[in-house]
Amino acid sequence: MTKPPKPKPLLQDADKPVRSRPRTPRNPEQPNLPLDPMPDRIEPCLALLKPKPPKGPQWAFEVKWDGYRLAVHIAPSKVRILTRGGHDWTDRFPAIAAEARRLPVATAILDGEAVVFDERGRSEFGRLQQSLGGRGGKKMSREAVLMAFDLLYFDGRDIRETELTARRDLLEGLVPAGGEEAIRLSEEIETDGDTLLRIACEHDLEGIIAKRRDSPYRSGRGGEWLKIKCVQSDGFLVVGYEKSTASFGGIGRLLLAARKENDLVYVGGVGTGFNERSAAELREQMDKLITSKSAVDTGRKRNAVFIDPKLVAEIEYRAWTHDGKLRHASFKGLREGQDNADVYDLD
């Protein structure tokens, strides 16, 4: 099987892959410590969106990956791969599961992002979805690679209260830098955030992640992790579509909504980003949810078909109009329900 391309290198010669800081030796007394029970599931730490990178030596920086968040639970008896929503997708990622069994550890929980790379070595959400058979599909993705960026449990110890720097040291002992297997290390890149963001955007990447080096692992969006994007990309609910005889799947535009407290608010439409395959899959999903009345006030729309707002579309956009609509929006794909994707919240 052909190995997926490596991400395009940043800030270094092509022949010299990025290396994180040297890891510290493992404490030889660790195996003699009392064991902690392995958690069945850990709610992930989520990154808080910021317009600019933070400054200071207390921040570490990585590339932001465009895929599905996964937790890989490794035990002597079995490997489990859980989605952000807690669903078991071990069978959907056979290459990642097989590589997890080969890692030199008895028990561990890895936190990372499943991605599929394009020809230029960039992670691309649409390709990952297609490899899984589209939203609601049941295919196995043999091309997907796990970019591991944290270690939460290691050799019988729950290490979430340990600072990030120490967790990364242990992770690098399991997943060395520069690997080309189905589980790879998400490199910490030694530079300031402004420089990395500029270069990431020049390479058409989604953005960067900043993490406090001294922070423990906290579930939820507490501010220890930050995300800074080159372009905006968020989840919006699909409330309907406008018919078109000249477009793929007969879809002229998707009609989108965001959340505002307990209500839904119409935020405009998107008519680009589809191909023949994605439009056909999208139309099949929407036609199962047709309803007679729109969930939001979309204004007067010609040839509009309304659906129950149960589908979350990942939309890339450049800005907002003065009246609260998306500008230069492009469809990236439908999020899986098991991914427990966020829907954009309006202030």
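Tutor: Contact here means heavy atoms within 4.5 Å. The model is predicted. With that cut-off, packing between elements can be read.

Student: Which strands do the buried residues of α3 pack against?

Tutor: The buried residues of α3 pack against β2 (59-63), β5 (108-115), β6 (145-154), β8 (183-185) and β9 (207-212).

Student: How many of the residues of helix α3 are buried?

Tutor: A residue is called buried when its relative accessible area is under 20%. In helix α3, residues 164-174, eight of 11 residues are buried, and the helix is mostly covered. Among the buried ones are the leucines Leu 164, Leu 171 and Leu 174, and also Arg 167, Arg 168, Asp 169 and Glu 172.

Student: Turning to cysteines, how many disulfides does a search of the whole structure find?

Tutor: A disulfide is read from the distance between two cysteine sulfur atoms, with a cut-off of 2.5 Å. The search of the whole structure gives one. Cys 201 is joined to Cys 230, with S to S at 2.2 Å.

Student: Where in the chain are Cys 201 and Cys 230?

Tutor: Cys 201 is in helix α4 (residues 193-202), and Cys 230 is in the loop between β10 (225-229) and β11 (232-243). The two are 29 residues apart, and the pair links distant parts of the chain.

Student: Is the link of Cys 201 and Cys 230 left-handed or right-handed?

Tutor: The angle about the S-S bond is -95°, and the link is left-handed.

Student: Is Cys 201 buried, partly exposed or exposed?

Tutor: Cys 201 counts as partly exposed because its relative accessibility is 29%. Cys 230, at 24%, also counts as partly exposed. Cys 45 is buried, with a relative accessible area of 1%.

Key:
Residues are numbered from 1 along each chain as its sequence is written. This is a predicted model: local features need pLDDT of at least 70, side-chain atom pairs count only at pLDDT 80 or more; totals for chains, interfaces and linings use all residues. Side-chain values use heavy atoms; hydrogens and water are left out. Helices (H or I, at least four residues) and strands (E, at least two) are DSSP runs, numbered from the N terminus. Buried means under 20% relative accessible area, exposed over 50%, partly exposed in between (1.4 Å probe, protein chains only).
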